[in-house]
Amino acid sequence: MNTALYWFRNDLRVADNPGLLAACRSQRVLTAYCFDPEEFREGDYGIPRMGPYRTAFLRESVQALQEQLQGLNISLHIHFGSPGDILPGLIRKYGVTDLHLQREWTRDECLALEGVRKRLPSGVAVHEYYQQFLFHPDDVPYTTFDDIPDVFTGFRKKCEKRVTVREPENAPARRETLYAPAENSDLPGWEAFGMEPPRADSRTAFPFRGGEVAAWDRLQEYFWETRFLSTYKRTRNGLVGTRYSTKFSPWLANGSLSVRQIYRQVQRYEREVEKNRDTYWLIFELIWRDYFKYISLKQGPKLFAPGGIREVERNWGNSAEAFARWTRGETDSEFINANMQELLRTGWMSNRGRQNTASYWSQNLGQDWRLGAAWFQYLLLDYDVHSNWGNWMYNSAVGNDPRNRKFNPELQASRYDASGKFRRLWLQASLFDASPPEPGDLPTPAGLQAPPAEGLPIPSKS
Ligand code: FAD
């Protein structure tokens, strides 16, 4: 008798999850999620990998997943522990023959799988699925990942012309019998993560909850109720509030929503409401998301190297004082400070803000871009390894920007915050409704003595 274990990672949804669907073809199925302590420890630069905002969002997402799976009569085993310690035990206990999971390729994700493989009972088959892409790796018009172009436009045009986006899959059908009811299905308490839950800040541009249902509610609102999609390209450089952009990224990052689901909804919108440059532009941005994943598949550890994928020789600064001022929003630029305050207090920052603060840190201040990327990794609600490190390289003149753009924050402020509303929102003390974290509460980097991410073999296409 076949028994499948589905290991949820950055794919916390039941619909359009081909791996879960494949697992459900077995006679018996159970699922697991591990809150891996590694993810909450300090990373290479002494900054914790995951801070309170994303931790809260992740807890909500896993809880929502559990509710979805209950509806399908599938058990979810929730543990705080490394997958290598937890999963082999579950596999033995429940006679699992097949382990299914989303395929990942970056260092930490590969190490987690290696930890599991080392302790797998013999004979257990491992099945991995690429299910985080718009353009599936088996469909892109490149023989190997090495052939992915280093400039976005070439990639976009060729894929748009040659690739048909696959249909999203339905959720698995409800099972008649529940297998292996979870003994441990409670979420770990905050003490397990060694942090306090974040304080709510009413000024946040992301006042949403984690989970598949919440993601669909947001899509429903942005597309169908308000029709903001019709003006997306014109508003996407905004800085204040929930309307200027979709805010899909945190759900996309942990997989509560799939990119193919969004794509199909845009197509439906274009048929039923209207098709214009704005509706296309959302697809355009989703292709950027794919592109950074392909760049990371192509470049492997160079994604984390000081010279980036271009192997630029540069003596990066490593000033603790500059870092403290930048992270706390105490630089010479009010526009940079407002953005850094927003990130610190909410875990959110607009795309415009991210471009400016990254370019300021690495290009204006000449500081090591990897420290900035690690700070974003710690705080961002929507942290995604490929989008974060790829965009950081891009904005630090060591990545895929053929024009090496450097932002002038004052000009940017006059263009995108002409009335000063955004700066007032985050910098006027009288408007604060949440007390800022004490500076002592914030992590300080240990510096750059630690070795950068080590090389792991880059996977082949299929
Ligand atoms: P929208 O404008 O509504 O775009 C829709 C979706 O398109 C986004 O959810 C995202 O999935 C994708 N997208 C849009 N812009 C980009 C882009 N430049 N690169 C890749 N995908 C994009 N995005 C992350 O998801 N996680 C990160 O860790 C991350 N780090 C970043 C770091 C820097 C320095 C910069 C400049 C950008 C980073 N981005 C990251 C990309 C982008 O800023 C966010 O995806 C976007 O701001 C999220 O808001 P939204 O969902 O409302 O975006």
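Let me start with S26, which, leaving aside its neighbours within four places in sequence, is in contact with N2, T3, A4 and R175; contact means heavy atoms within 4.5 Å. S26 sits in the loop between α1 (18-23) and β2. At 10% relative accessibility, S26 counts as buried, where buried means under 20% relative accessible area, exposed over 50% and partly exposed in between, with a 1.4 Å probe and protein chains only.

A word on the basis. This is a predicted model, in which local features need pLDDT of at least 70 and side-chain atom pairs count only at pLDDT 80 or more, while totals for chains, interfaces and linings use all residues. Residues are numbered from 1 along each chain as its sequence is written, and side-chain values use heavy atoms, with hydrogens and water left out. Helices (H or I, at least four residues) and strands (E, at least two) are DSSP runs, numbered from the N terminus.

Now the sheet. Strands of a sheet pair through backbone hydrogen bonds, either parallel or antiparallel. Here 5 strands form an open sheet in the order β3-β2-β1-β4-β5, and the pairing is parallel; two strands pair if DSSP finds at least two bridges between them. At the edges are β3 (76-80) and β5, each of which pairs on one side only. On average, neighbouring strands of this sheet are turned by 25° against each other, direction ignored. Axes are lines fitted to C-alpha atoms, for helices over the stretch in contact, and angles run from 0 to 180 degrees between N-to-C directions.

I will take β4 next, residues 98-102. How many of the residues of β4 are buried? The count is 5 of 5. Both faces are covered, with D98, H100 and Q102 buried on one side and L99 and L101 buried on the other. Strand β1 (residues 3-7) pairs with β4 in the parallel sense over 4 bridges. Within that pairing, A4 stands opposite D98, and the bridge partner of L5 is L99. Towards strand β5 (residues 125-129), β4 is joined by 5 bridges, and these two strands run parallel. There, L99 stands opposite V126.

β4, helix α4 (residues 107-118) and β5 make a right-handed β-α-β unit. A crossover is right-handed if, with the strands pointing away from the viewer, the path from the first strand over the helix to the second runs clockwise.

Next, the helix pair. Helix α3 (residues 83-93) packs against α4 at an angle of about 40°, with their axes 8 Å apart. The contact involves P83, G84, L87 and P88 of α3 and A112, G115 and V116 of α4. α3 and α4 are therefore oblique to each other: angles under 35 degrees count as roughly parallel, over 145 as roughly antiparallel, 65 to 115 as roughly perpendicular and the rest as oblique.

S362 is found in helix α14 (residues 351-364). Is S362 buried or exposed? S362 is buried, with a relative accessible area of 0%. Not counting residues up to four places away in sequence, S362 touches R314, W316, Q367, W369, N395 and S396.

Y416 lies in helix α17 (residues 409-416) and is partly exposed, with a relative accessible area of 21%. The C-alpha atoms of Y416 and N237 are separated by 7.3 Å, and the two residues are 179 residues apart along the chain.
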